[in-house]
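Student: Hi! Could you walk me through this structure? I'd like to go piece by piece.

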Amino acid sequence: MEQEIGTWDSVLLENLSEDSFINNIHQRYKRDHIYTYIGTSVVALNPYHHISEHSLDNVRNYGDKGIFQLPPHIYGLTNLAYQSLKDQSEDQCVLLTGESGAGKTETFKMIVNFLTHIQEQSHCPSTPNVLRKQSSTSSATGAVLHSHRRASSSCSGTANFIICKNRAENPIPNTTISRRQSPSPGPSQRSRTQEESIERQSRRQMREKIVDFDFSHHKSSENISTLLESHAHHLHPTKSCFKHQQTQVPPAKGSPKYAAYGGCRQCGHSKCVRAQSLEKEDRAELRGSNSRLSTITSNHPAHLQRGSCSNLMRQHSTESQPERERDRNSLMGSTQRISLYDAHKLSKVLGDLPPPPPVQPSSVSPTPSGTSSLHRRHKSPSQRLRECVTCADVFLEAMGNACTLKNNNSSRYGKLFDIEIDFKGDPMGVHITHYMLEKTRITDTTIGERNFHIFYQLLLGADLQLLKSLKLFRNVEKYELLRNTTAMEEDRMNFHYTKRSLDVLGLSCDEISSIFRVIAVVLKLGNFIFVPVTNIDGTEGCQVSNVYEVQETAQLLNLEAQVLINCLTRANSSNSAQEDVGSEMDARQAASNRNTLCRTLYSRLFTWLVNKINESLKSTQREKNLALLDFYGFEVLDHNSFEQFAINYSAEKIHQNFVFHVLRSEQELYIREGLEWSRIDYFDNESICELIDKPSYGILSLINESHLNSNESLLLRVQQCCAGHPNFMTSGSNSMCFQIRHFANVVNYSIHRFLEKNTDMLPKYVSAAFYQSKLSLVQSLFPEGNPRRQATKKPSTLSSNIRTQLQTLLAIVKHRRSHYVFCIKPNEGKQSHQFDLALVQHQVRYMSLMPLVHLCRTGHCYHLLHVKFFHRYKLLNSLTWPHFHGGSQVEGIALIIRNLPLPSAEFTIGTKNVFVRSPRTVYELEQFRRLRISELAVLIQKMFRMYHAKKRYQRMRQSQMIISSAWRTWRAREEYRSLKYKRQVKWAIDVIARYYRQWKIRQFLLTIPLRLPPNTLSPLSVEWPVAPSFLADASRQLRAIYHRWKCYIYRNSFDQTARNRMREKVTASIIFKDRKASYARSVGHPFVGDYVRLRHNQQWKKVCAETNDQYVVFADIINKIARSSGKFVPILLVLSTSSLLLLDQRTLQIKYRVPASEIYRMSLSPYLDDIAVFHVKASEFGRKKGDFVFQTSHVIEIVTKMFLVIQNATGKPPEIHISTEFEANFGQQTVIFSFKYGGMSDLAQGPPKVTRKANRMEIIV
């Protein structure tokens, strides 16, 4: 706001006058500050060039701030209406006023853009939309953005021009004014702390600055400043326009000024209002479509570089070269053409595909409905509604806008967008009402103007297959309705989006195809040439010379060609296809019927489309409405006919509504309420409206008089009834014109064709003929042609319809809070930065802007009934909230006002109303109320949460007690059941185990004999059946008993000899087991005893008889080791029951006989040697001979038997000494025997090596 030029609110002008007002808007206009406030109204000048803007950021900024907290903008006014609807639940209406070319259409687009994005930004900032229209002064910034719309002569509006606020300005000193001011503050006008300045500097980085009001005279300054600073906004990075968003081309040399404002990097095209709104949406949607876009870029590079960044170039064949050059220069100075459609949203919804090339074949239906329907399934209802609203505006602009002499994108119809908004601020439905479509433009196009955009788009943009199916040619000059007009290159691109917008709106493929068929039929009907002929009876008739056109048109209509010819050349023709039905018409009448049919067909198609759009956008519930009214602007042409008369009458009625409800009613209210008031003079155009629409004597009533059958009689009748009226003038006695002094200017109207245009009725037989069409759309356009339909009353005339529609419109606006946007055209040449002082002064005067400024300056901006004011703001005071018992409502209102941190002078209490002077005070009052509501909401939430939590706690506690009790009961029962079950299980287990053990024992005992292997009586057998684990001890005992029993059986089976041998074996085991290494070898060999069969030797028998040694226990040839050398000497050893005998083995001569009782010890080594030493007692024999050393393989048997013999002889066992060293007595000396282990294996073992060394004898085994 510090950089605002001049005064941003005209109410704050120091020396208020018309000159200062115009000078202020002039100074601002030169710096591209095209918006200026008058209180809560907006004055908008058409800049005629692109102004840099960041639409999404502005929507967010203006949506979060009050109207006076940001620089003047149309968004501020729209947000005021939007917030008033939300906060006060009061229907709103935004009215756009201004003459043709002032920028109403583009302002309307910006308002629609704001309303379709403000709530979307707060709820889902990244939600994509499908299609957004883009203004003439803006450039695309999305990833796949828009083509440009047609610009009006004034760039079609002041909208889309958000001003670059980067220029410095000289602040105007503040002066004392009678109302509370909100001036554009300068550094010298504020008392700020250093911290606030630093914080403000950081916020100034945004292109759109936030207003810092001077709240020093308020007690609420801290609250408001805190509230205003509670929202932070961030700008989005600049993108390229729709043409170059997929190409990386250096910036164009011809557009440096646009590049400086962050426009397209290639062409410098600045950002548009709807393009900015899609920045966030593009980021999410382009992730999934990058691959497709790259493919598209490679396949269709031409489409990505084709657009409408070029200036509007119009050339007429009837103009001279200087005129063409002058027109060219005029258009070059004006803005570039506004794109008809926002390409981004539609291309998003249908797969981000570029427009199809002209040679690419396609079906008549523009797009597969499946693609968009699939996309729509992922949209929320509010998102779907926003898309459809934008698409509706897109297609209606194609159908209802045209290029005129004063406006390149003039709306040739009035429209009322009634948006239904719920309590949350979301749009729930939209109802579109259109007024006074200029259908005469279909057949009567002024030189230098164009027909409706849709015709040129269809011819240039449709592919060859579609044109072929519609029987159309691409050349515009081939169609009479478009002759002497020029098609533009951007029409080709715009058709692609026109076609797709229908699919987004939910129309089926058949309906879309039928729409293009009807448009093609209108073009082809205009080519019908009627040639006059003279019949035989002398009457004049006609026939169609170009029959091929008739046949193609009949094919498009699915109608018989003869029926079409009859309805155009024969009056009162029936529905028959015969050629001689009905009376013939002359060529002039046939051409008139053809033109009427073209106008009717197109206008009814337009109405049908509006109805279809309303069906798709209608709301299922009643909500509050915010209406947007974009009506015709005041028009004064060189030749003014009935169309200009109707347009200017509409402008008169709308201006009269403004005068009545703003300038007159406000002042009358001040007087009724007893306020001190000095009347402000203004021009009241009520007399002009009465001149036109007065019952019986108004011009509209006179036109409808039935006895008037010519334009001359009509002019005479008008002059008779209106003569003497101060606003009616005649043009002369011979002139077929009359003049009306309108509120804007004096207009000269030509009476020519007034009656014809007023009663532009289509004959019923034509409707009946077209009702025979097989196209359902055509049948619905001509319901009166249905033969089953009963005849209705006579159709009303155009003048009656105009008056009725305006009365209905004003009745809607009357009951709503109105917000005005005054669009001003700065010059007639459509040049930027040119300010025609006289032209602007004229507009300021007829718009009654100066009375409005004075009213806002000295009056009150807001008033409310006592009851409503008290009930709305009583929550701001603790004494009045929630109930006031201190007196009347006026006392309560006074109490509320006194306790507010606002100047009391801002409020005036009237007899029935409370008045507030400043809009800023109203804003602060609403802010306090909003904060208080937040506090109360928190309080209610706290109490409710406490109540809810308490109830929940009580329920939970009671439930816990019940659950705990039930659980404890259940647990006790379960424990009892568990214990009982465990006891039962234990008892069952014991019983089962007992029986099982008994069974196993029985089975084991009974099956032991069966499981024992055969031949088990041997004591050596260790086999025994496996027993269960619990019978292990019993099994061991049984096994031991069984083993003893086997041993007993085994022993019982022996004879005495076997018993002796067993006794010997047992004795050997006792002596040598685990003591002598060679014992194991002897276990398996039975002790034979007599190895040499000595018992049978006769010689032995003689010898033993002498010695009494008859019984031989052992006899074998062994080796006797020599005591001196240790050599082995073979000798026969005989062991009898009483003695040990050594005999010669040949002669059996006894060499030594040792009684058994003389041997007391036997010594052996523990090794595998077979050496044994028999120690003899120290008797005479012993001392003489000493001990014996033997070596034999039966050493174990000899020692064992010797042991038994000695034990039997002496009664005690001899000593068995087993050691590696022991002593032996060799007569007179004692020798130590030492056994050493040689380490050789058993297999390699030979006889031990015996060595005598003195008194040691070493034996190596």
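Student: Which residues in H14 meet residues in H17?

Tutor: On the H14 side they are Arg384, Cys388, Cys391, Val394, Phe395 and Ala398, and in H17 they meet Thr498, Ser501, Leu502 and Val504. Keep in mind that this is a predicted model.

Student: What classes do the residues of that contact fall into?

Tutor: The contact of H14 with H17 has 7 nonpolar, 2 polar and 1 charged.

Student: And at what angle do H14 and H17 pack?

Tutor: The angle is about 140 degrees, and the axes are 9 Å apart. That makes H14 oblique to H17, because only angles over 145 degrees count as roughly antiparallel. H14 passes H17 in a left-handed crossing.

Student: Is helix H15 buried or exposed?

Tutor: Buried: 9 of the 9 residues of H15, which spans 453-461, are buried, so the helix is largely enclosed by the rest of the structure. Among them are His453, Phe455, Tyr456 and Gln457.

Student: Switching topic, how do H22 and H29 pack?

Tutor: H22 (residues 642-672) and H29 (residues 798-814) pack at about 25 degrees, with their axes 11 Å apart. That makes H22 roughly parallel to H29. H22 passes H29 in a right-handed crossing.

Student: Which residues make the contact of H22 with H29?

Tutor: H22 contributes Phe642, Ala646, Tyr649, Ser650, Lys653, Asn657 and His661. From H29 come Leu798, Ser799, Ile802, Arg803, Leu806, Leu810, Val813 and Lys814. By class, this contact has 8 nonpolar, 4 polar and 3 charged residues.

Student: Nice. What about Tyr873, where does that one sit?

Tutor: Tyr873 lies in helix H32, residues 866-873. Tyr873 is buried, with a relative accessible area of 0%.

Student: What does Tyr873 touch beyond its sequence neighbours?

Tutor: Leaving out residues up to four places away in sequence, Tyr873 touches Tyr862, Ile896, Leu925, Glu926 and Arg929. Take Arg929: 56 residues separate it from Tyr873 in sequence, while the C-alpha to C-alpha distance is 6.7 Å.

Student: Okay, sheets now. In what order do the 8 strands of the open sheet come?

Tutor: The order is E23-E22-E21-E20-E26-E25-E24-E27, with mixed pairing. Its edge strands are E23 (1150-1155) and E27 (1215-1218), each pairing on one side only. The twist averages 30 degrees from one strand to the next.

Student: In what sense do E24 and E27 pair?

Tutor: E24 (residues 1159-1164) and E27 pair in the parallel sense, over 4 bridges.

Student: Which strands do H38 and H40 lie across?

Tutor: H38 (residues 1098-1107) lies across E20, E21, E22 and E23, at about 45 degrees to E23. H40 (residues 1195-1210) lies across E20, E21, E24, E25 and E27, running at about 160 degrees to E24.

Student: Last one: how many helices and strands are in the chain?

Tutor: There are 40 helices and 31 strands. Of the 1261 residues in the chain, 55% are buried. Among contacts between residues at least 6 apart in sequence, 72% join residues at least 24 apart.

Technical notes. Residues are numbered from 1 along each chain as its sequence is written. This is a predicted model: local features need pLDDT of at least 70, side-chain atom pairs count only at pLDDT 80 or more; totals for chains, interfaces and linings use all residues. Side-chain values use heavy atoms; hydrogens and water are left out. Buried means under 20% relative accessible area, exposed over 50%, partly exposed in between (1.4 Å probe, protein chains only). Helices (H or I, at least four residues) and strands (E, at least two) are DSSP runs, numbered from the N terminus. Contact means heavy atoms within 4.5 Å. Axes are lines fitted to C-alpha atoms, for helices over the stretch in contact, and angles run from 0 to 180 degrees between N-to-C directions. Angles under 35 degrees count as roughly parallel, over 145 as roughly antiparallel, 65 to 115 as roughly perpendicular and the rest as oblique. A crossing is left-handed if the near helix is turned anticlockwise from the far one by less than a right angle, and right-handed if clockwise. Ala, Val, Leu, Ile, Met, Phe, Trp, Tyr, Cys and Pro count as nonpolar, Asp, Glu, Lys and Arg as charged, and the others, Gly among them, as polar. Two strands pair if DSSP finds at least two bridges between them.
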